[in-house]
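Subject: Structure handover

Hi,

Here is the structure for your files. Please open it before reading on; my notes follow below.

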Amino acid sequence: MTTRKRLARELLRIEAFVFSPENPFTWASGIVAPMYCDNRLILGFPGARSLVIDAFAEAFDTLAEPRPDLIVGTATAGIPHAAWLSDRLDLPMAYVRSAAKKHGRGRQVEGVRPAGQRALLVEDLVSTGGSSITAVKALRSEGIDVNDVVAIFSYGLEASQTAFDAAGCRLRTLTNLESLLEVAVEDGRLELEQAHEIARWRAGLSAAPATSTD
């Protein structure tokens, strides 16, 4: 079994991923969707956490040389995964907010942040890609070189690929909607026609613009 399918099955097992075509969810971007992914639930399952960090470490090993020397998590959901990955790789860590603080030192990027470092940005999921690109731009504005983003899950919306291409940034995901649908059908969580309906729903969003929030 591939890592993508193993992780997809784990997300379904811990109910981090839920299908609800009859009662759709509204994402932060405003998109109304027949499914919802809440990777924060991974925090409560040690086995799932280990699987995710193992897969992130494997993804890190596939990055082009010179590899990043700083791991950055997106606030808030990417922070724990960035912390575990930086510990695994013995690399420094920082995190990036969606906007600068309105008090204190007024920072958007917290932690180790010397200009000239190469950063790997860690996300929990990507929908439209807007929040990821906001984080990439914040890091670049401080002189931090970031060309790679890794995420646990992506819905595979065309808008996200457009956003990453425009930013000159590569996205790698541990699993994706195709794997979720395949596993859900195999395990009897979805009928094949339901999976096809969800795939058609995604195809209908192909022209959706990127937004500032995933």
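**Backbone notes and overall picture**

Pro66 sits in the loop that links helix H2 (46–61) and strand S5 (70–74). Helices here are DSSP runs of H or I with at least four residues, strands are runs of E with at least two, and both are numbered from the N terminus.

Some housekeeping before the rest. This is a predicted model: local features need pLDDT of at least 70, side-chain atom pairs count only at pLDDT 80 or more, and totals for chains, interfaces and linings use all residues. Residues are numbered from 1 along each chain as its sequence is written, and side-chain values use heavy atoms, leaving out hydrogens and water.

Back to the backbone. Ala75 and Thr76 are also joined by a cis peptide bond, with omega about 0 degrees. Thr76 belongs to the loop between S5 and H3. Most peptide bonds are trans, and most residues other than glycine have a negative phi.

Two non-glycine residues have positive phi. Glu15 has a phi of about 65 degrees. Glu15 lies in the loop between helix H1 (3–13) and strand S1 (17–19). With a relative accessible area of 57%, Glu15 is exposed. The cut-offs are: buried under 20% relative accessible area, exposed over 50%, partly exposed in between (1.4 Å probe, protein chains only). Asp90 has a phi near 55 degrees. The loop between H3 and strand S6 (93–96) holds Asp90. Asp90 is exposed, at 70% relative accessible area.

Now the whole chain. It has seven helices and ten strands. Its radius of gyration is 17 Å, close to the 17 Å that the globule rule gives for 214 residues, so the chain is as compact as a globular protein of that length. That radius is taken over C-alpha atoms, and the rule is 2.2 Å times the number of residues to the power 0.38. The C-alpha trace spans about 50 × 35 × 30 Å along its principal axes.

Of the 214 residues, 47% count as buried. Among contacts with a separation of 6 or more, 64% are between residues 24 or more positions apart. Contact means heavy atoms within 4.5 Å. The accessible surface is about 9,900 Å², and carbon and sulfur atoms supply 50% of that surface. Areas come from the Shrake-Rupley method with a 1.4 Å probe; for residues, only the protein chains shown count as cover.

Next, individual side chains. Where does His81 lie? It is in helix H3 (residues 79–89). His81 is buried, at 1% relative accessibility. Beyond its neighbours within four places in sequence, His81 contacts Asn39, Ile42, Leu43, Val52, Ile53, Phe56, Val122 and Ile152.

Glu178 lies in helix H6 (residues 177–186). Glu178 is partly exposed, with a relative accessible area of 41%. Glu178 and Pro21 are 157 residues apart along the chain, and their C-alpha atoms are separated by 17 Å.

Last, the cysteines. How many disulfides does the structure hold? Zero, counting a disulfide as a pair of cysteine sulfur atoms within 2.5 Å. Cys37 is buried at 3% relative accessibility. Cys169 is buried at 6% relative accessibility.

Best regards
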